[in-house]
Amino acid sequence: MKEILEELERRRSEARAGGGGRRIDAQHAKGKLTARERLDLLLDEGSFEEFDMFVEHRAVDFGMAEQKISGDGVVTGWGTINGRLVFVFSKDFTVFGGSLSNAHARKIVKVQEQALKVGAPIIGLFDAGGARIQEGVDGLAGYADIFLQNTLASGVIPQISVIMGPCAGGDVYSPAITDFIFMVKDTSYMYVTGPDVVRTVTHEEVTHEELGGYRVHALKSGVADGAFENDLEALTQVRRLVDFLPLSNREKPPARECHDSPERNEPSLDTLIPANPNKPYDMKELILKVVDEADFFEISPDYAKNIICGFARIEGATVGVVANQPQVLAGVLDIDSSRKAARFVRFCDAFDIPLVTLVDVPGFMPGTKQEQGGLIRHGAKLLFAYAEATVPKVTLITRKAYGGAYDVMSSKHIRGDVNYAWPSAEIAVMGSKGAVEIIFRNQTQEELVEREAEYKARFANPFVAASRGYIDDVISPHSTRRRIARALRNLRGKVLTNPWKKHDNIPL
């Protein structure tokens with residue numbers, strides 16, 4: 001028996017060594033951790049239980065029969081984050097460059113299926129060079145098997161992808177289906193076709209970073225939901241995100257003991273809105289002063305900055321926050337911000353996370369670029385997301401709520417549950433200057449000035465909407481935290497269902 005146990009330990013040590021010391025050193029030289037080191041940081045100490053440590057590929061072509069390493073380029077299993085169950089896979093670049101074989105894919109599918117069965121999040125750490133070319137169609141079949149599981153798990157369990165090195169070809173589509181994608185600055189990149197293929201097909205000279213680095217996806221394309229300085233920060237922040245999320249759609253979001261009184265007033269909010277209606281202010285200040293202990297996890301902070309999305313807690317319970325940001329493009333809704341917010345709202349609705357919406361929006365972005373880019377269809381995504389959401393929805397209008405953008409931002413008309421406004425709120429079809437120039441287009445400039453004052457007195461306040469019942473109450477800014485907390489408490493037992501359907505047809 002002793003010899004058998006020694007053989008077991010030898011095999012385990014061999015598998016844990018991955019591609020060997022030289023390749024591990026090369027990984028460290030690039031500023032990257034190994035697959036197992038990453039899992040050690042992500043999971044609670046001593047909690048990791050590994051699956052399929054001894055799996056090997058079965059390929060025989062191109063000399064592969066003589067090249068076999070236990071684990072086959074991916075470490076899979078389960079563990080805990082702050083005591084809560086998660087399933088994980090971590091691609092090992094030191095073994096065949098992390099490339100995907102059919103055996104490698106089956107390991108990932110196994111943890112995907114187990115996560116779905118048990119009802120727990122799955123986190124994938126990506127650092128790989130794509131499909132293993134020597135396997136041909138078997139590798140492609142493996143990708144498709146993974147994509148199918150991603151799709152079946154969508155809306156059932158949270159799926160998080162962390163790009164920690166190369167992620168190319170078929171590898172990119174698994175993260176693309178998941179709920180959140182994070183990147184590591186300067187060491188990770190994602191693209192469907194690499195620089196060599198681009199050069200051949202389009203004759204463009206482009207680097208890995210220019211084609212698919214974090215500056216492309218976290219700032220421009222919106223594919224990534226954030227980028228972090230290094231592996232350690234990325235994994236620490238993923239742990240933080242998981243703390244906000246339910247394990248599955250069968251559970252309520254986690255609640256944490258709260259030491260921040262829900263009755264707390266914030267006198268500084270009474271002076272947050274500038275006297276000049278065209279002067280911006282920082283909506284994040286409002287968010288941080290309203291949520292528990294100023295703890296806010298922002299999603300896509302560097303993309304479509306004119307809208308803010310993220311997770312926070314109120315009375316210890318997770319909420320999703322969506323807010324227009326007057327500091328960027330006056331908080332206007334455009335293509336990118338509509339897509340960003342719509343995706344976030346749908347995630348929150350799928351996992352029963354209440355929505356708090358803070359509104360200061362002058363309308364939709366005008367211009368040929370936006371119209372030609374499909375603003376109508378993209379803006380409708382956000383409208384659709386809010387309208388179909390059945391979770392508790394609390395909305396606060398702080399200043400401008402103009403035109404169709406007022407309707408879209410979780411208004412009473414699309415089933416907002418509790419809708420508040422500050423006394424500074426202006427709810428109208430458009431700003432007073434533009435409105436009178438249309439209504440009274442034939443009048444003199446002096447008459448227009450007089451009409452503008454008249455229009456402001458009539459509509460540049462929340463009381464017309466309140467008189468119609470579209471606003472439930474006009475509240476004092478300093479009481480915002482208390483009123484939102486009370487509204488959410490009142491809505492905990494909310495039950496609302498949509499008409500039966502196989503699935504909806506969101507305007508993609």
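**Surface, fold and cores of a predicted model**

The protein exposes about 23000 Å², and carbon and sulfur atoms supply 54% of that area (Shrake-Rupley method with a 1.4 Å probe; for residues, only the protein chains shown count as cover). This is a predicted model, in which local features need pLDDT of at least 70 and side-chain atom pairs count only at pLDDT 80 or more, while totals for chains, interfaces and linings use all residues. Residues are numbered from 1 along each chain as its sequence is written, and side-chain values use heavy atoms, with hydrogens and water left out.

The C-alpha trace spans about 95 × 55 × 45 Å along its principal axes. The secondary structure comprises 19 helices and 17 strands (DSSP runs numbered from the N terminus: helices are H or I with at least four residues, strands are E with at least two).

Of the 508 residues, 52% count as buried (under 20% relative accessible area, with a 1.4 Å probe and protein chains only). In soluble globular proteins, nonpolar side chains tend to be buried together.

The largest nonpolar core here has 59 residues; such a core is a set of buried Ala, Val, Leu, Ile, Met, Phe, Trp, Tyr and Cys residues joined through side-chain atoms within 4.5 Å. Leu-42, Ile-123, Ile-160, Phe-311 and Val-322 have the most contacts inside this core. A second, separate core of 29 residues includes Phe-296, Leu-396, Ile-484 and Ala-485.

Leaving aside neighbours within four places in sequence, Ile-160 is in contact (heavy atoms within 4.5 Å) with residues including Ile-122, Ile-123, Phe-180 and Leu-245.

Conventions. Buried means under 20% relative accessible area, exposed over 50%, partly exposed in between (1.4 Å probe, protein chains only).
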